[in-house]
Amino acid sequence: MSHHIAEITHRLVSSPGGRIHLVEQGTGPLVLLVHGFPESWYSWRHQLPVLAAAGYRAVAIDVRGYGRSSKPAATDAYRMLDLVEDNVSVVHALGEESAVVIGHDWGAAIAANSALLRPEVFRAVGLLSVPYAPRGGPRPSDVFARMSGDEEFYISYFQEPGRAEAEIEPDVRGWLAGFYAALSADTMPAPGAPAPHFVSSAGTLRDRFPLGRLPAWLSESDLDVYAGEFERTGVTGALNRYRNIDRDWEDLAALDGAPITQPSLFIGGSLDASTTWLADAIKAYPVTLPGLVASHLLDGCGHWIQQERPAEVNRLLTDWLAVLPV
């Protein structure tokens, strides 16, 4: 069928933070795809043609701060409320009133909050890799500080402006290769090895990255695409998402414990720390995701789920989309 599907097109649309770059393919009901850290619209390259062939208008964005989208200078311009409004602006700029939103990693959190805050726009939500856990509990920065022990959790490490940039930006391509490998099923550190999500005293994240081998899902040319974007833009815009976790906690206080009631889907990897750390969140889905249509844990899969297992993820996405009410 693919020869009947239009090629992907790139567009820039207005948003509250400036402009959002998007890539679209196909016609039909709108499916909005939101990437995570440290990626871009390109993370959905395997999904765009398949969703288009299945009869959907598949649209993958560069999240604010990434790629060709605007990168506001202020750190607090990357709070969750702003990113949700970016998603709404994309839907409306495309001439649509509603969409299904699907996110991976930070994109999953952005998708979940889009569904919570703007249910009249986002009629269903798909979450990849990072489970939905309602807002609640202590201030996030305090939680992450306590979980680190003698080491520093990567989200805490990312908080100080300039600190992670000093590690990443001298060799963006090498850093990305190591980060992707550290969280991929076929290249991640062996069980019992020092966890790549933590930084030792006076160390860097890169100290624990695997060396010398790209994961099977990532070609040299794929890595060139990702590295080329971050070499051009820097990584501050991407890191600023992490620097708003406490602001989000304050902004979203009214949503404490709130369930997502729209039809939902979760797909995670069994080897992904996101699913093991948040196993209790998955168990709570009957309460927190009462509209859950299906939940899948892909055996032997790491964090980059739609790239590690594209055929399987594509089948699960299209099966789910097919049963949603129009």
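The model is predicted, so local features need pLDDT of at least 70 and side-chain atom pairs count only at pLDDT 80 or more, while totals for chains, interfaces and linings use all residues. Residues are numbered from 1 along each chain as its sequence is written, and side-chain values use heavy atoms, with hydrogens and water left out.

Rings of Phe, Tyr and Trp (its six-membered ring) pair if their centres lie within 6.5 Å; planes under 30 degrees apart count as stacked, over 60 as edge-to-face and the rest as tilted. By this rule there are 24 aromatic pairs. One of them joins Phe-158 and Tyr-242 edge-to-face, at 4.9 Å centre to centre and 70° between the planes. This pair links distant parts of the chain, 84 residues apart: Phe-158 is in the loop between α5 and α6, and Tyr-242 in the loop between α9 and α10. Helices here are DSSP runs (H or I, at least four residues), numbered from the N terminus. Phe-158 is buried at 0% relative accessibility, where buried means under 20% relative accessible area (1.4 Å probe, protein chains only). Tyr-242 is buried too, at 2%.

Trp-175 and Phe-179 are a stacked pair, because their ring centres are 4.9 Å apart and their planes at 10°. Four residues apart in helix α7, Trp-175 and Phe-179 are separated by about one helical turn.

Arg-241 lies over the face of Trp-106, 4.6 Å from the ring centre; the rule asks for CZ of Arg within 6 Å of the ring centre and within 35 degrees of the ring normal.

In helix α15 (residues 310-323), the buried residues include Val-313, Leu-317 and Trp-320.

How values were computed:
Buried < 20%, exposed > 50% of the residue type's maximum accessible area, 1.4 Å probe, protein only. Helix = DSSP H or I, 4+ residues; strand = E, 2+ residues; numbered from the N terminus.
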